[in-house]
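Thanks for asking me to look this one over. Please have the model open beside you as you read.

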Amino acid sequence: MVERHIGLSIFCHVVLLIGAAAVCMPLYFAFVAGSLTVGEVQQVPFPLVPGSHFVENTVLAWNEGQFSRLYVNSLIVTIGIVTGKLAVSLIAGFAVTYFRFPFRMTAFWLIFISLMLPVEVRIIPTYEAVADAGGPLRALFDAIGLTGFIADRTGYRLDAALQWNMINSYGGLILPLIASASATFLFRQFFLTVPDELCEAAKLDGAGPLKFFWDVLLPLSRANIAALSIILFLYGWNQYLWPLLFTTEKAMATAMIGLKDLIPVADAQPAWNIAMAASFFVMAPPALVILLMQRWFTKGLVDSSK
Amino acid sequence: MPASNAIMIDREGAATRPRFPLRRSLGSLVRSSEAGLKASHFRRPWLAGGLVAPQLLILLFFFFIPTWKALSLAFVQVDPFGGTMIFVGLDNFTTLFSSPEYRDSAILTLWFTVVQCIATLVVAGLLAFATDNVMRGRAIYKGVILLPYAIAPAISGVLWAFLFNPTVGPLAQMLHELGFAWDPNRRPFDALLLVSVAAIWKHVCYDYIFLVAAFLAVPPSVMEAAAIDGARPVRRFLTVTLPMAAPTIFFLIVMNFVYGLFETFGIIDTVTRGGPAGSTNTLVYKVYQDGFRQLDLGSSAAQSVILMAIAVLFTFLQFRAVERKVNYQV
């Protein structure tokens, strides 16, 4: 700030207050709605002060939507996405920056291309890929004649063994979301900025690649890993389209889908109080992460879009 | 769709010379294969292969094969029961482009995306400008304005669907009292407006983070010089801060388009489900509708291919944006 203007300062505070109010307003009304009874929710005009049924509605929504199960599913899927993507990208980033091997650039470009197409544009074929993950392998073994060969010799039906249906499984919810290379690039970028002397020193001390990775690179990447974990946590928890397609059984759905099922439809009783109470516990984990780790979150966001 | 500026700032690996004469003769090919390799590196091909294998396998099964299938499905006609498959060339595309529904969907997607992009940027710009000019309470304002980033598009949709629900929604009631016949379940324009508001509310925080950082990065010396020349804060903002933040703004325009095109599925599905009368049936939502509800796989695949082309275009724009961001840095 160069100089102070009282008028400008007041104007700016007003703008920010309006902005903050616009952010909070839907949340406040959701809270009010979540604390009323079904009858009270339908009053005109809508009450401006909360009622006294919030806890009651929350408990009701939790039981009605089987959230004990859905919450666990959401946690498993989110943690699976975060750890899976971090692990896969860390080692892949390490390999393409620290190793000379044949087809290194091919591997690099194959990973690079995957940045171009977001999952949303290849919904249906990915659905098929998950519904029949063994399909490509079956086709391959058929083509090279391995299926027939094994069936002739041992009677073992290879094609029957390769029927993997990943619908309604954690694998089906997690793996397609890990299939993007953004994190690999983030780590690759970071590894390129690590001084070469560190690797030289590690080599002189007789450390192999894995020891160097584990004892030098990983500790150095701690900040990036933390920042990226937060972004991935939000990404995983807030997934909507995948769980919607891949879980046809209620028991395998995520909390987000459970919330969607609570939205009143046209003809049913308008139980918005239940839906709104539920929306709070569904958005609580990512909201807490953002509030408690704002610094890491901002770093992660700015880094991951570089 | 986060990406990296990997390509632009690669270290030239030319420093490590190729060891074998044969390789040297391969010239540029060999040099390019050194790009992005650390000067001090390991030579354990099998280990390296093992390390990239998980990533490549996941990409093969859940990226390359599905993408290939989408591309090939776009040129065939499949009956919904999965029986026969006939090669039809570009028929799926010509049917698509001549269908008024698809054209309507494309136009409304463009309208929605452009409105969402501009409104988000303007609101975020105003808030970032204000944040730049206050001393007290900055952290609190920031914390509150960032909050919607944690909220899933689907939840944002649920919240706004409730607020503007024509029978119980508090804001809809206010509109009714003011004399507006608000009803997103029947009036197409109301539905589109509602979806846009939910999308903007959810996305302002993203632009805001980047703009606050960009405004903060303007060197104080430049601002002081402008102040000495007699430029008042608003003028300084328009003639100094905004031009210096131009690369960030370009980057955000691209990211807003990507968000509007691909990431608003959850909002549309929870608020309107594409209705009424297809008035919020954006291109991405239509792929889902046609493929999963109507089981018209050929048309849906052709639509996917068009979206892929758009996505590739935006990825390139995004790289351009990042490149410029690097070049402008003072």
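Here are my notes, point by point.

1. A word on ground rules. This is a predicted model, in which local features need pLDDT of at least 70 and side-chain atom pairs count only at pLDDT 80 or more, while totals for chains, interfaces and linings use all residues. Residues are numbered from 1 along each chain as its sequence is written, and chains are lettered from A and ligands numbered from 1 in the order in which they are written.

2. Confidence in chain A. The mean pLDDT (the predictor's confidence in each residue, from 0 to 100) of chain A is 83, and 95% of the residues score at least 70. Where pLDDT is low, predicted coordinates should not be read in detail.

3. The contact between the chains. Chain A puts 100 residues into it and chain B 91, where residues are in contact if their C-beta atoms, placed from the backbone, lie within 7 Å. On the side of chain B that touches chain A, helix α3 (residues 45-73) of chain B gives the most, with 20 residues. That side of chain B has 64 nonpolar, 21 polar and six charged residues. For these classes, Ala, Val, Leu, Ile, Met, Phe, Trp, Tyr, Cys and Pro count as nonpolar, Asp, Glu, Lys and Arg as charged, and the others, Gly among them, as polar.

4. Helix α1 (residues 6-34) of chain A packs with helix α5 (residues 100-132) of chain B at an angle of about 130 degrees, their axes being 9 Å apart. Axes are lines fitted to C-alpha atoms, for helices over the stretch in contact, and angles run from 0 to 180 degrees between N-to-C directions. That makes α1(A) oblique to α5(B); angles under 35 degrees count as roughly parallel, over 145 as roughly antiparallel, 65 to 115 as roughly perpendicular and the rest as oblique. From α1(A), C12(A), V15(A), L16(A) and G19(A) meet L126(B), L127(B), A130(B) and T131(B) of α5(B). By class, this contact has six nonpolar, two polar and no charged residues.

5. A pair within chain A. Helices α4 (residues 67-98) and α14 (residues 222-237) of chain A pack at about 140 degrees, with their axes 9 Å apart, and are therefore oblique to each other. Residues in the contact include S74(A), V77(A) and K85(A) of α4(A), and L228(A), F233(A) and W237(A) of α14(A). The residues of this contact divide into nine nonpolar, four polar and one charged.

6. Helix α14 (residues 283-293) of chain B is largely enclosed by the rest of the structure, because eight of its 11 residues are buried. Among those buried are K286(B) and D290(B). After α14(B) comes L295(B), with a positive phi near 55 degrees.

7. Is E197(A) buried or exposed? E197(A) sits in helix α12 (residues 196-204) of chain A and is exposed, with 9 other C-beta atoms within 10 Å.

How values were computed: Helices (H or I, at least four residues) and strands (E, at least two) are DSSP runs, numbered from the N terminus. Two residues are in contact if their C-beta atoms, placed from the backbone, lie within 7 Å. A residue is buried if 20 or more other C-beta atoms lie within 10 Å of its own, exposed if 12 or fewer, and partly exposed in between; C-beta atoms are placed from the backbone.
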